[in-house]
Amino acid sequence: MKKSVLYGLLLPGLLFLGIFMVVPIVLTIGSTFYRGGSLTLSGYAHFFEDSYFNQILLTTVGISLITTLLCVALGFPTAYYISRKKARSKGILLAIAIFPLLTSPIVRSFSWMIILGRKGLINDVIVGLGLAEKPLDILYTPTAIVIGLTHLFLPIMIISLVGVLENIDTDLVQAAQSLGASRLSAFARIVFPLALPGLVIGAVIVFVGSLTAYTTPALLGGKQRVISTFLYQNAMTLNDWFLASVIAVIMIAITFIVVGLMNRATHQFNPKG
Amino acid sequence: MKKKWLGTTMATALATLMLVGCGSNNANNAGESPAASAPSSQAASTAPADAPSGEPAKLVISTWGFSPEFFDQEVFGPFEKAHNVKIVLETGNNADRLNKIRQGTSEIDVIYLSDYYAQQAIDEGLLEKIDPAQIPNIQNIFSIAQAPLGADYGPAYTVGQLGIAYNPDMVEKEVTSWSDLWDPSFKNNLTLPNITGTAGPMVVDVASRVAGNAAFNEDAAFSKLAETKGNVVKFYSKTSEFVNMFAQQEIAGGPIMESYFKDLQAAVPGAKFVKPKEGGYAIMNTLNVVKGSKNKELAEAFIDWQLSKEVQEKSAKAKIDSPVNKDVQLTEEEARGVTYGADVIEKLNKLDMALVNKNMANWTDRWNKEIAN
């Protein structure tokens, strides 16, 4: 095909992204430095001076990090198991792993409300077994948000890990073992480094998804705010689009920092990855 | 050749975008009821004799969108027939719809808003001044509803009441007063409305009163509210959240509008609704004409229709909106769950919405920092 035709095919996608993504993001970022007719950093100064905003930021990043670690811890063994199966059972297992993605976050949050509540399944078991006298407060705490988000994002972690794990040649592991490596060291030195690209992609999606999630924290969280619910409050009910834009830019910045750090860490483990 | 090709593609893409942009205006259409879709000649024959004929005018109404069948059949439908007009609806919550008229991209004529949001719209100059002479039914409604936001702006077509609902199985004390929300029997069992909701500022006022101030005292209110920390499980932003938590027994109760009590009772039959002895708070939903409306007279006629005895009585009997028209008579059975009667309504506490609006950003900040963390 001619080059001009190829560029033409790219055009609709580029236009779409340009108009609906690049322009709004640039406008949003630009608006945060401009207030009352002059260039200023006051929006950011105000944000970082306020201990309440810092606390929200820390809570949100903390929740997102714990969720990401949990997804790695739960997702890696699952993905490894699935990737070693034959094609047919692999398909079935993957379908089961992805199944939760087919229901909306709202429905899933409501299910967790029923499970985690004071009269819920978990507390019924705990009180029934005599492990605690009174039902534990799980719902409407950060713990509930972490549980909800882990459930939400685990399938994505599994998909991205299965993708890389199934492409790792089992001969490599056998070769390492025949040369005297233990199973553990073969895993640590062969499988894990080769799986890192998938792990990083999964971790970035889970982290960013948790950082920006709105429905789950709004429904399962308690009195504390996370950054997305705080942004919503400023934009929709206080009509303070300036502060809302500052928060949005800070969220974008955190995302880039985290992606950068993860890429750097991967490079150290697997320079060729 | 190459340039021409690019140009065509871009033009097509832009045209598509514009079309997509326009699409959002044709939101919900109210004219789906059989009465409305009848040909205009037939409509004219059944409508009152003075109904104008010819091409129907268009009236765009922005509303919440609850109980759509009732509004289509009893409110919008008959008005369309009588005035040879086609009503187009735009629906959503207060904040979203207020934002929409802020953007000014939509041709909304009449907007339903709670008093708090209507006050914001007034302060920003988004509403048209009304001519009370064009809305004669204003004379027939309770004085509290006639001009809640000043004589220049629209009336409240319904006045609800904020009181306390609770589950007697979970609360030992018999609740009679707003101060009972601070009682240890609500420990870790209470919900309060979020500051940004319509009822949030009312709770700030309640706290100032409970702290013993006759006139509103902001600092006393917030330090009193901070004492609820051990009681509050979660702040609710939507009434449905209250209902869910109540049904699941995550909470034992809290302040809620009387008109939603029937939902609580459906979940917990023993539930009680209390009108606190210091008085409940008036929650008013207003009707206004949006600035720039080309159908101001028609819009005012619609507001008058919504205040008429006929509509008010029907919505009260359907338990959709509490009536403000003085001529509406309800039996005891019909009045259940409805805020009804001159003695009840005129006694309700009323917040100064202009004051609330002025302080809202500051109150939200204090609420976030001192109470909700």
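Predicted model: local features only at pLDDT ≥ 70, side-chain atom pairs only at ≥ 80, totals over all residues.
Of the 273 residues in chain A, 30% count as buried. As for how the chain contacts itself, take the contacts with a separation of 6 or more: 73% of them link residues 24 or more positions apart.

Chain B splits into two domains, and each one is built from two stretches of sequence: domain 1 covers 2-158 + 285-346, and domain 2 covers 160-282 + 349-371. Where the two meet, 13 residues of domain 1 and 13 residues of domain 2 take part in the contact. On the domain 1 side, helix α6 (residues 115-123) of chain B is the top contributor, with five residues. Sorted by class, that side of domain 1 has three nonpolar, seven polar and three charged residues.

Now for the strands of chain B, starting with β1 (residues 57-63). It pairs with strand β2 (residues 85-91) of chain B in the parallel sense, and seven bridges hold the pairing. Within this pair, B:K58 sits opposite B:K86 of β2(B). How many residues of β1(B) are buried? Five of the seven are, so the strand is largely enclosed by the rest of the structure.

The largest nonpolar core has 140 residues, and A:L161, B:L59 and B:V110 are the members that touch the most others. Helix α7 (residues 142-165) of chain A supplies the largest share of this core, 15 residues. Chain B is represented by both of its domains, as domain 1 (2-158 + 285-346) and domain 2 (160-282 + 349-371) each give the core at least three residues. Leaving aside residues up to four places away in sequence, B:L59 touches B:V85, B:I87, B:D109, B:V110, B:N295, B:L298, B:A299 and B:F302. Two of the names in that list, B:V85 and B:I87, fall in β2(B), which covers residues 85-91.

That leaves the interface between the chains. Which residue counts describe it on the two sides? Contact is made by 21 residues of chain B and 23 residues of chain A. On the chain B side, α1 (2-23), β6 (232-236) and α16 (353-371) each provide at least two residues.

Key. Residues numbered from 1 in each chain as written. Chains lettered and ligands numbered in written order. Core = buried A, V, L, I, M, F, W, Y, C linked by C-beta atoms within 7 Å. Buried ≥ 20, exposed ≤ 12 C-beta atoms within 10 Å, placed from the backbone. Helix = DSSP H or I, 4+ residues; strand = E, 2+ residues; numbered from the N terminus. Domains from an automatic or database assignment. Contact = placed C-beta atoms within 7 Å. Pairing = 2+ DSSP bridges. Nonpolar A, V, L, I, M, F, W, Y, C, P; charged D, E, K, R; others polar.
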